[in-house]
Structures are given as structure tokens and as C-alpha cells.
Amino acid sequence: MCGVVGIKGQSPVNQLLYDALTVLQHRGQDAAGIVTEQDGKFFLRKNNGLVRDVFHTRHMQSLVGHTGIGHVRYPTAGTSSTAESQPFYVNSPYGIVLAHNGNLTNAAELNKALFQSDLRHVNTTSDSEVLLNVFAHELQLQGKLRPMAEDVFAAVRGVHRRCRGAYGVVAMISGIGLLAFRDPNGIRPLVYGKRVNEQGGTEYMVASESVALDVLGFELIDDVAPGEAVFIDADGQLHVQACADQVKKTPCMFEFVYFARPDSIIDGISVYKARLRMGDALADKILREKPDHDIDVVIPIPDTSRTSALQLANRLGVNFREGFMKNRYIGRTFIMPGQTQRKKSVRQKLNAIGLEFKGKNVLLVDDSIVRGTTCNEIIEMARDAGASKVYFASAAPEVIFPNVYGIDMPAAKELIAHGRTNEEIRVSIGADWLVYQDLDDLKRATQTKKSDVHDFDCSVFDGCYVTGDVDQAYLEALEALRNDDSKSKTQISDSSMVDLHNDEQ
């Protein structure tokens, strides 16, 4: 999972891009990059680290121009590498830079075709560079010295024909304009908006989440629809066109459960309100299964579960308390490369407030349970703080299957719920009682009459991969790449180029 932003302004955009990336920092803490354009030349700064660490005054001063794109990276496999940080660049045709959120499921197949048929060289193991070269080749096929909007859209149609998987993309074509497009299934989010500057000129912005537009004073126009492309030409004119023949809107459910900020709106759905309804649904299940519960207090595991936990406590008529204080300078634990590092980090990240636990029956609420490492440590912390009983509730269903669309959910055997019963999971994490959200309840909580979303990508819960190209052989090859043993022996970043579709392997 990554964050992308693109801005077509009428004054320098370096500070705007920086501010947008800080708002999207929750989507990727591994690396950051910005490219701007002025007088047909690109100016690039990217490196590993948080946004605030990658960009210093001297870098910002060098990022000149009124148009630019930015990216924050979250690695979907293995150890991070500066070479894999985005945006990526190709010089032909015209000069193109591109940043990508998601994952191509046929990256290896495309990589071969790029070399054998398109005569293009891919220099990293990133599927984002593959996607860039596919787009560049399709744009070159238009054969124009100066392409128009219809030529750019034709190239995007070619990308949709060739690429499978999830992608929210921003790109910049030197001297031509700013482009954004979204995969035909709408798995990864992408929105665009506009604002009128002090001189009366219109500026446009594209980003992974609407909150980035809000913070920078842009008015949300719409989500980029599945298979749609948004192009702002060099003259600042907005062009929007559907570029895929077959589309369906199935956004990733984990955006609403965990990844997106609660103040974002994705495909017409308020993430905040969805999480409130998740809390209601989970409370109703608790009342069904444990009507005579003895819960004294509901405590969220910061930060994502707070909204659901608060609503759950209200529904149960139980006190809601903040029992854990978070060190915000520790990264996400489940994306860390090794189990030892993840386990050590939990104690560094959270500290219990003893008076909220001592002598109480505590219900801990988290957004989800992936490996179980974090919740096991947290339950131990609650007991160490004096809790009489520790119950555990997950606002999401059991995570049983790997994610192939850009989230580093590990090999199936590393998922605590894979092949285990609820009781076995409870014993493994050390809880006195364990309750998961039901998938149907989760879907109902996320849907709203104001949105035209009728289904979601819930593959990590139900194993149904919406792109229709993920089989057991693919998952087995993916598992070989993603398990902790493999990660400790190899340097793979973003999406591996190992051929997951080659029957001869």
C-alpha cells in the first residue's frame, strides 16, 4: 500500500506536494519521492525514510516547477531499497515519470513482453517500473510528436488491456500534462479535485485519499472511477474519459478497516462512519454471543480501532477508556521484515496505563488480527497491568488468505487464522474470550445508500480475488517469496519479478 499525489498548479508546487505526502504518510513510511517539471525538465528527489527526513531545504529549493507528482512507499515484500523508491522515470517517449499504488498480478509476464516485444529494459524488481514502461510503449504507439488528450487516453486503454491487478497511478508527461488513472476494478483509491488560487486561476490535484485535498484547500470533484483516466493538459484543461471496456467497482475492504484515514471519503463512503457502523455491528454480535457479559471497560488498540471501539462501548453501555499510550515514532509492526523485530517493536510502540486495567475485565478492540504477534504482546501487557480478564475483539473478520493487491499480508501459513478455529486462535493469543466481526456485517457496515459500491475486494477474508487471475500456483509462489525465512535471505522490494505465471518453474 502506497500513497500518490499529483498537482497541476499555476505557481510552485513543491511545498504543496510535500504537505500532501505528510498527510498521506500513513500509507507508506518506507520511502518518499517528488518529481517536478519546469521548462520541459524533470527535477527529482527520492530516498528511503519518512517525508520529513527525505526532503531538506536544499532539496525543496531544487524542486522547481508548477506541476509535480509525489509518492510514499510501503514495501509489499522483503527489504526496502532506495533503487525501488518512486516516482520512476523513462526518457522515451517525451519523458515520463510515474508513481503507483497497488500491485500488478501479471508483472512477470509483462516484464518478459516488455523485453521480447517492446524492446524495453526494466532496471528494478518493481512492478511500478513495469507499469510505467507499458504505458510509455502504448503512448509511443500513438506516433505523435505532441500527443493530445485522446492519444493519452488511448495509451491508458492499452495499459488496461495488458495489466492485471490493482493500480492507482499518477504520471507526468514532459510538456504534455498530468495524468491519473485507476484499475478497472477500482481496488485502490484515487480522487481528484480543484481550487481557485488568489489570482483566479484553477489548479488541479489528484491523490490517494480525499483528506489530502481537504488539507490543501482543494474541493473534491469526484473519485477517479474504475478504468477511468483524468488528464490535465499543459494549458490546464481538464479531460476525463472512461478507458476500460469492462469495469466493476470493488474497492479494497482493508482501506475502510485499517489503511485509510478516518477523515477520508472513498467512493462516496465516509471511512469514519463506516468504522462507527463496524463498532455497532460488533457490539450486536457480542450481545448475541455473550448477553450477560461482564465487560467493565472497552479499550482500543491505537489508533485505527478507536472509532469502532468507541461506538462499540456506547452500544454495550460500557465505559470507554484510553488504556494504551502510543509512541508515534515506531513504524507499523506487521510490515517489519522479521518476527523478532516485530515483537520487540510492540513494547516500544505501546505502554499501558495501569489504573485503567487493574482489577477490571477488559475488552481490547483492534481493527484486525493478521499474524497475532501484536495482539499477543498487548494481551500480555494488559495482564501485566493488572487486568482480571482480557477479552479481545476484532472489527474485521479472520484474515485467512494473503493479499495480492499491494498489502504485505504474509504467506498464508503466517496468518494466525489460517487453518485454525476461533478457539485455537484465542488460546494462541492468550485471550480469555475472542470475537471476530462477521464478513456480511462488515460489508453492510461499509455500504451506504450515498455510494454506488455494492461489493468489495474481501480476498483476505474470503479468498475471492476480484481480478480472476489468482490461482493456487500463484499463491504458492507468492508464499515462497513472502514468508519470513525467505525475507531474511533475500533482498526483494515492492513487487518481485519472479515469474509467478510460468508453468515451467
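For this talk, helices (H or I, at least four residues) and strands (E, at least two) are DSSP runs, numbered from the N terminus.

What you see above is a predicted model, in which local features need pLDDT of at least 70, side-chain atom pairs count only at pLDDT 80 or more, and totals for chains, interfaces and linings use all residues. Residues are numbered from 1 along each chain as its sequence is written, and side-chain values use heavy atoms, with hydrogens and water left out.

Let me start with confidence, that is, with pLDDT, the predictor's confidence in each residue on a scale from 0 to 100. The chain has a mean pLDDT of 90, with 90% of its residues at 70 or more. Residues 333-338 stay under 50, and the model gives them 23 contacts beyond four places in sequence, a contact being heavy atoms within 4.5 Å. The stretch 488-505 is also below 50 in pLDDT, and has 53 contacts in the model beyond near neighbours in sequence. Where pLDDT is low, predicted coordinates should not be read in detail.

Turning to the sheets, seven strands make an open antiparallel sheet, in the order E3-E2-E4-E1-E10-E9-E11, where pairing requires that DSSP finds at least two bridges between two strands. At its edges are strand E3 (41-48) and strand E11 (219-223), each of which pairs on one side only. Neighbouring strands here are turned by 15° against each other on average, direction ignored; axes are lines fitted to C-alpha atoms, for helices over the stretch in contact, and angles run from 0 to 180 degrees between N-to-C directions. Within this sheet, strand E1 (residues 3-8) and strand E4 (residues 67-73) run antiparallel and are joined by six bridges, with Gly3 having Val72 of E4 as its bridge partner. Helix H1 (residues 14-23) lies across E1, E2, E4, E9 and E10, and runs at about 160° to E2.

Some local backbone details belong here as well. Asp39, in the loop between E2 and E3, has a positive phi of about 55° although it is not a glycine. Pro87, in the loop between E4 and strand E5 (88-90), is joined to Gln86 by a cis peptide bond with omega about 5°. The peptide bond from Ser92 to Pro93 is likewise cis, with omega near -5°, and Pro93 lies in the loop between E5 and strand E6 (96-104).

E16 (residues 297-300) pairs with E17 over two bridges, and Val298 stands opposite Phe320 in E17.

Last, where does the second largest pocket draw the largest share of its lining? Four of the lining residues come from helix H6 (residues 149-162), and that is the largest share. The lining divides into four nonpolar, five polar and five charged residues, where Ala, Val, Leu, Ile, Met, Phe, Trp, Tyr, Cys and Pro count as nonpolar, Asp, Glu, Lys and Arg as charged, and the others, Gly among them, as polar.
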